[in-house]
Every structure is written in C-alpha cells, then in structure tokens.
Amino acid sequence: MFLFSTQFFCQLTVNLESNSQYYIDDDKIKLSEAEASHRFRSNNYLNMNYKLKNFTFGAQLESYEPKALLNYSPAFKETNLATYSINYNNEKAGIDVTLGHFYEQFGSGLALRLWEDKQLGIANSLLGGKIKYTDPDQIITLKALAGKQRSGFTLTDGFIGGLDAELKLDSLMKIKNLRSAIGLSYVNKYENNRENALSPKNVEVYASRLKMEYSKFAMEFEYLYKTKDNIKQVTVLDPNNTFSGNAYYLNLSYAADRFGIIANLRRLENFNLYSQRDQIGNIYHNAVLDYLPALTKQYDYSLANIYVYQAQPRLSFLPQKKSGEIGSQFDIFYKIRKRTFLGGKYGVDLSLNISNWYGLKGTYRNYINDNNNYKTDFLKLGEKYYADQSIDIRTKLKDSWKIAFVFINQYYNTYRTEETVGEVKAKTVVLDNIYKFSKSSVKLELQHQWADSYHGNWAACLAEYNFKKNWSVFINDLYNYGNPDKEKQLHYYTGGLVFRKNSFRVQASYGRQRGGLLCVGGVCRFVPESAGLSLGVSASY
C-alpha cells in the first residue's frame, strides 16, 4: 500500500494510495490458469481536495492495472476518474451542500449507508446532490439526497432518493442529565422493470429511531420497514419473487468507573437493499445501499477469524429456506483494582463477550406456485447459525511486560452461513506478550485452535521485534496441522520488514495468504488462497 499526503498553503490536499502484489506458485499454492496470466496486480488511488473559503473541490482517480487484486469486483478495472464533487459548507448558516459524488449515513446505517473501504473493495458513493441543514441551536438536522450509485467507473440502474430528520428533545423534556433525540428516515429506489413487469419499480424504506442517554445509561432503538422488493436476481421464471421486509435494532449500555455493559439485539427479515436488482446477493458488495454488519466481537487474532459470522438478512427459498436472522451480543467490561488480591500490582482488565445468532422460526411452502409461501414467528428462535463466548484478561507482569490471555468458544453453522455442509465447534486460546526494553520491544503471540470438523486444528505464532525506534521485523505462521485432508495441512507463513518515521511507513513482506473471509467492522469479503510478495508504503503530511 502506498499513501502520500501533502498540503499547499493549507488549501490543497493530495493523497496517493497504492496496493500491489506479485503472486507466485509455490509447491502447494498455485494460481488458476485464468489468474496466472496476470501475476502482478495493483490497486491505485489518487485523491485531491482543494479548499477555497467555504468551497471544497474534490476528485479521485483510480487505476487497476494491469488487473485489480485477486477477488476484487470485476467492476474495478483499467484507469479512470472515479469520483468528483463540489461541496459548500457554511457552519454559521448551518448549510452543507454537495454536488457530485458523496457519502452519507442515516441513523445506524440500516436504512442507508454510503461509504468507501478500499480493503474490502467497497466504493458505493452516490453521484448526484445532497443538502444538510442544522439550525443555529443544533436541535434539528435535516438531510435530503438524490442520485445514482457508483459501480466501478459506471453507475447502477436504480435512482436513489432519501430524506432524514433528527430532532433533539433535550430542551423539550427539561429533565436533568437526560439527553434524547428522535429520527425519521425515508429511502426510495426507482428502477425500470422492463425485463420483468412484475418487479416493483419503487422500493421504499421507512425508518424511525429513538436515542436516550441518562446518567450512566444509554439506549438506541430503530425500526425499519421495506416495501416489496425482489429477493434475488429476476427472471421471467420467477413471478413470485417480491416480498416486504423489516428490521428491529436495540442497543443498551451502562458505563461506570470500573464496570460497563453493552447489549445489542437485532432482528432482520428480508432486509437487504440494492440499487440494482440483478446485483442482489453478489459476493463483492456491489450496489449495496444499507449497512448490515455482523453483531459479533471483532477479534484481533488470526485463528479467531477463521470462523467468522456474516449477517444473514436475506429471504431465500432455493437452495435453502431461510428469511433472516435474530440474535444478540453482550459485552461486559470490568477492571479489578490494582494493589488488591486479584488485581495485583497493576490491576487487571477483564472483558466477556457472548453472541448468539439464529434463523427466524417460520413455515415455508412451495416457492413457485404459492404467492404467500412463508410465515415467521416474531421473536421465536429458529435454527442456530452462530454462537461465541470469549473472555479476555489483560494485565502487566512488570512495568515493561504486558500480557493478555484470551479464550474463545465458537459454534459455526457452515450449512446455513456458507450454504455448504455441516457445522463446526471450535475452541481457541491466545497468549499475547509485549515486552519493552529501553529502545526496543518484542511481541510474541501464541495461538491454538481445536476444531471438531471442517479445517480441523490450527496452531499459530507471531514474533515481532521493534528496534531503533523506526524499524521492526516480523514473522507469522499459521499451521493447519489438523486438516482432515493431508494435502491441506499447510503452513501459511509471512515474514517482513517495516520502517516507520513519524507518519511515514514502508513494509515489505513475503508469504502465503490463507483463503477465507477478510472482515472490517463486521463486513466481510472472501479472499482466495495465494502466495507472493507485497510492498506497502504510506505517508501523511
């Protein structure tokens, strides 16, 4: 990755980012014939913003030459101007107007989220216009937008319109220590149905939300309803392909000095939204309009991310009958005081996470011949899709020695989440150490995973040495020694060197990439198994 940023008279900002890899064949991992013709691949982004008083002019040039990195959307190809915009922002008047490409989010993102994540290959801005108004007292915020969604260097077929309003109730409620707000959102997708007259031209989402904070407590609740929408790519053979959907989301939290708890509960039924109906269910997140992350703990450790849950919002009848998901996640934090029997000299940080996700319990009938072919029970739990329980313990053994112990127990329904076969029960332990010397530090991370099926057992080790303030060298190995297929009992090793100074960073590495899901913030994309050399550079000024 290459990232460069410079400012000219505090007016011009230029960012250059590049991520390139050279893929090789080793004795175990080989590219397919189709992929082998382009072993060198590179994703490149040049972003420029120029600010003049209240105006900001922006543009981003992108290049995927000779090809995009493996398993990025085929829509990302060649070189072209990807985004451009003009923004006017007057803080005193409370007005913000954008023409061109823009990103936006309504509420938590369940109704609408337009964002970019280069690592996941997501770039779903709208090309059109957006206006935002906030009154001088910041009590009312209004947003309106319209446009067509980006897909590579082209636009999707659907035309998107949206409205969002949020009202702070603090001045009306007049209750000490109470802060509250209500919000309403509306999103409409219009798409011509010339290929199938039964497909709805308009798909609408209506959303309401409530936020409250009182003393140490906080609550956020959202309800959303989606009008009839196609549940998969439409053909003339699928006359009964449209159903409505809904979503419920509740977040509760309590925070004290040494104790905190966060509870997330969510129910999704046929609640995914795309700006073009023939993109429904694609693996690249093309044309996605809403944000449906998996509400599970996001782990920092490689073996904990082998069995990663992805949100299951879709209604489908073939090849499986399922209509969505329901579940919860609880995070509990507690700090044991230092200089106590359990806290020791430095104190201990404890965190406990519990996640459980199920399909919606319901009845499903003949898909092709019955217009009313499924019914769900509102709060009843169906088949278990995923569960995990983890405990994270962190403390110091010395002023210079930090240590963490993590235990994770996972259940993963492969048949439902990946639509393959079977289920997995896995247990993972992690021992993480960081030891600091006067001018250097060492990190040693040991992991092991026991799994009763699928990939079988794994062992992993990461060693990193940081020296002379600016340099570090690392080696990492994941060994799938328990795979039932002996040909797949591989070492996925990586070694590299890093140089950093201030905000400048260079990394060179060589090794193997384990195939599977790459996740950021609960949103994932599949990366194929590969081997090769990568070089990353980043700088910011």
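This is a predicted model: local features need pLDDT of at least 70, side-chain atom pairs count only at pLDDT 80 or more; totals for chains, interfaces and linings use all residues.
1. Residues are numbered from 1 along each chain as its sequence is written, and side-chain values use heavy atoms, with hydrogens and water left out.

2. Back to Asn-270, then. Its phi is positive, about 45°, although Asn-270 is not a glycine. Most residues other than glycine have a negative phi, and most peptide bonds are trans. Is Asn-270 buried or exposed? Asn-270 is buried, at a relative accessible area of 1%; buried means under 20% relative accessible area, exposed over 50%, and partly exposed in between (1.4 Å probe, protein chains only).

3. Glu-419 is another residue other than glycine with a positive phi, near 55°. Look for Glu-419 in the loop between helix H3 (414–417) and E23. With 37% relative accessibility, Glu-419 counts as partly exposed.

4. Glu-65 and Pro-66 are joined by a cis peptide bond, with omega at about -5°. Pro-66 sits in the loop between E4 and E5.

5. On to the inside of the protein. A nonpolar core is a set of buried Ala, Val, Leu, Ile, Met, Phe, Trp, Tyr and Cys residues joined through side-chain atoms within 4.5 Å. The largest one has 40 residues, and Leu-112, Val-187, Val-205, Leu-224 and Tyr-307 touch the most other members. Which elements give two or more residues to this core? They are strands E8 (112–114), E15 (202–214), E17 (242–255), E21 (374–398), E23 (424–436) and E25 (458–467). E15 gives the most, with three residues.

6. Leaving out residues up to four places away in sequence, Val-187 touches Phe-106, Ala-111, Leu-112, Ile-160, Gly-161, Gly-162, Val-203, Glu-204, Val-205 and Leu-273; here contact means heavy atoms within 4.5 Å. There is also a second, separate core of ten residues, which includes Tyr-23, Leu-31, Ala-68 and Leu-69.

7. Next, the holes. On a 1 Å grid over the protein atoms alone, a cavity is a set of points where a 1.4 Å probe fits but cannot get out, and lining residues have an atom within 4 Å of a point. Grid points are joined across faces, edges and corners, and a volume is the space filled by probe spheres set on the points. How many cavities of 30 Å³ or more does this rule give? The count comes to three.

8. The largest cavity has a volume of about 70 Å³. Its lining includes Phe-76, Arg-150, His-285 and Asn-286. Strands E10 (122–123) and E12 (140–151) each supply at least two residues of that lining. By class, the lining has four nonpolar, six polar and one charged residues, where Ala, Val, Leu, Ile, Met, Phe, Trp, Tyr, Cys and Pro count as nonpolar, Asp, Glu, Lys and Arg as charged, and the others, Gly among them, as polar.

9. The second largest cavity has a volume of about 50 Å³. Among the residues that line it are Tyr-45, Tyr-64, Tyr-72, Phe-76 and Lys-118. Strand E9 (116–117) and E10 give two or more residues to this lining, which divides into six nonpolar, one polar and three charged.

10. Finally, the rings. Those of Phe, Tyr and Trp (its six-membered ring) pair if their centres lie within 6.5 Å; planes under 30 degrees apart count as stacked, over 60 as edge-to-face and the rest as tilted. The structure holds 24 aromatic pairs. Take Tyr-64 and Phe-76: their ring centres are 5.2 Å apart and their planes are at 40°, so this pair is tilted. Tyr-64 lies in strand E4 (residues 55–64) and Phe-76 in the loop between E4 and strand E5 (78–90), so the pair ties together parts that are twelve residues apart in sequence. Tyr-64 is buried at 2% relative accessible area, and Phe-76 is buried at 6%. Tyr-45, Tyr-64, Phe-76 and Phe-153 form one aromatic cluster.

Note on methods
Helices (H or I, at least four residues) and strands (E, at least two) are DSSP runs, numbered from the N terminus. On a 1 Å grid over the protein atoms alone, a cavity is a set of points where a 1.4 Å probe fits but cannot get out, and a pocket is an open set with protein on both sides within 12 Å along at least five of seven lines; lining residues have an atom within 4 Å of a point.
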